[in-house]
Amino acid sequence: MPKILIVGGGYAGFYTAFKLQKHLRRGEATVTVVDPLPYMTYQPFLPEVAAGSVEPRHAIVPLRKHLKNTRVITAKVTGIDHANRTATITPAEGEPWQEEYDEIVVTAGAVSRTFPIPGVADEAIGLKTIEEATSIRDRIIANVDKASNLPAGPERDRLLTVVVVGGGFAGIEVFAELRSFVSALVGQYSTLSFEDTKFHLIEAMGRIMPEVSLETSKWVIKNITERGGQIHLDTQLQSAVDGKIQLSTGEEFESELIIWTAGVMASPSLKGTDLPLEPRGRVTVRADLRGVDAEGEIVPGLWGAGDAAAVPDISGFSPLPDKSCVPNAQHAVRQGKRMAKNIVAVLRGEATKDYFHKPAGAVAGLGLGVGAFQKGKLGITGFPAWIMHRGYHGLAMPMWERKFRVFGNWFAQFIYGRDLSAIPARDVPREAFETFASRPKA
């Protein structure tokens, strides 16, 4: 029986496995998914998780719950020898082992791409995982709590200053959501005011959100500025050592929370393998998602999709220099579905079909009641775009039980307002126990 190994349980990997369960006949092939985490994260919800609009557990999809006919391994793939059709599986506990396969699906996803800026590796936090989003939320509430007990001055200003690096969709969404969130939060403190909080977004380019028109992006800047956010265009972060921000414009200030959203790169786990990779570290594939070598010849048994694959965008809408698909959820989900059908077709000796998708548009949530939408020359902003954002992503969330949970979050928020609670001590859960635990006498 052919063995299909899926490396990565993100959008593309999850949907490939989910659709293979549907299309494969009983006994036609076995499917194994390997991922360090036992769940898929719906990343478009991370800004709302950070701002308390979506419960963290509701923004993830448990793999074992929904991939009942798939073998799920919670571990890392630390090596791939495609010539011999084996992968090295390394679990968190226990010894690594060699996993044999006939077809390998590379959907390892992407990680935050950073630059060697002093202090960033030590002080900043990304926005690629559910853990990062929940930590951002807890840290903001804890910082506001601490600041409420301090007199006006540099120490309080540092706690009440939030910095976001990167003006793409992820950066703008988390910046706007947190601005809205903190505005509601400080209202609970008699010692703090809206004016005490400072929000800075740093973008190296001369504009934000390249996925939307210039007119729409200018509306977003105007809206955020009116709400107390400061956007630094044509500006680079030069240093963040000890939370001391130094910008290329010469401006300096301090911040207790620096959020990095300035780009992603393909998972480094693919380096050192014998898979065909392009300069950016992504697996090279054809439009039907089958792996190809440098000469464009099919590499038998190799498939790729999502952020870890250079998938040709034959729709002609790609803004990237190499005309590959933009690394986003729209493409990853659809590529996973198409790849599952193509894998089954190859197993049955049938023809494959190319992946083709015209962008459905770009939509962003910018805090409660505010959004931005762009499709072609059509730009919609404000409340209608916010409704479109919630409608689209609520329905795009995988699995109906997850959709109902998310819509339930939003309904509760509509009735009771924002949930402004946090559990900052979960980063050190044993602290209370260790403080009072009895120890043997010396």
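At 35% relative accessibility, E254 counts as partly exposed, where buried means under 20% relative accessible area, exposed means over 50%, and partly exposed lies in between (1.4 Å probe, protein chains only). The side chain of E254 meets that of R158 in a salt bridge, with 2.8 Å from N to O, a salt bridge being a side-chain nitrogen of Lys or Arg within 4 Å of a carboxyl oxygen of Asp or Glu. This pair links distant parts of the chain, since R158 lies in helix α6 (residues 154–159) and E254 in strand β17 (residues 252–254), 96 residues apart. R158, at 18% relative accessibility, counts as buried. The model is a predicted one, in which local features need pLDDT of at least 70 and side-chain atom pairs count only at pLDDT 80 or more, while totals for chains, interfaces and linings use all residues. Residues are numbered from 1 along each chain as its sequence is written, and side-chain values use heavy atoms, with hydrogens and water left out.

The secondary structure of the protein comprises 12 helices and 26 strands, with helices (H or I, at least four residues) and strands (E, at least two) taken as DSSP runs and numbered from the N terminus. The radius of gyration is 23 Å, close to the 22 Å that the globule rule gives for 442 residues, so the protein is as compact as a globular protein of that length; the radius is taken over C-alpha atoms, and the rule is 2.2 Å times the number of residues to the power 0.38. Along the principal axes, the C-alpha atoms fill a box of roughly 75 × 70 × 45 Å. Of the 442 residues, 53% are buried.

The structure holds 16 salt bridges. One of these is formed by E177 and R418, whose closest N and O atoms are 4.0 Å apart. This pair, too, links distant parts of the chain, with E177 in helix α7 (residues 169–185) and R418 in the loop between α11 (400–416) and α12 (431–436), 241 residues apart. E177 is buried, with a relative accessible area of 2%, and R418 likewise counts as buried, at 13% relative accessibility. In another salt bridge, the side chains of E401 and R402 meet at 2.9 Å, N to O; E401 counts as partly exposed at 21% relative accessibility, whereas R402 counts as buried at 7%.

Accessible areas come from the Shrake-Rupley method with a 1.4 Å probe, and for residues only the protein chains shown count as cover. A positive patch is formed by K22, R334, K337, K341 and K353, where Lys and Arg count as positive and Asp and Glu as negative, while His and the chain ends are not counted; the place of a charge is taken as NZ of Lys, CZ of Arg, CG of Asp or CD of Glu. Helix α9 (residues 329–347) supplies the largest share of this patch, 3 residues. K353 is found in the loop between α9 and β24 (362–365) and is exposed, with a relative accessible area of 55%.

The nonpolar patch, of about 490 Å², is made by L395, W400, F404 and F407. Helix α11 gives the most to this patch, with 3 residues. F404 has its place in helix α11 and counts as exposed, at 60% relative accessibility.

Several loop positions complete the description. M399, in the loop between α10 (383–396) and α11, has a phi near 70°, a positive value in a residue other than glycine, and is buried, with a relative accessible area of 17%. R85 also has a positive phi, near 55°, in a residue other than glycine; R85 is placed in the loop between β6 (76–81) and β7 (86–90) and is partly exposed, with a relative accessible area of 26%. N149 lies in the loop between α5 (130–147) and α6 and counts as exposed at 67% relative accessibility.

Conventions
Patches are made of residues with over 30% relative accessible area and no salt bridge: like charges are joined within 9 Å, nonpolar side chains (Val, Leu, Ile, Met, Phe, Trp, Tyr) within 5 Å.
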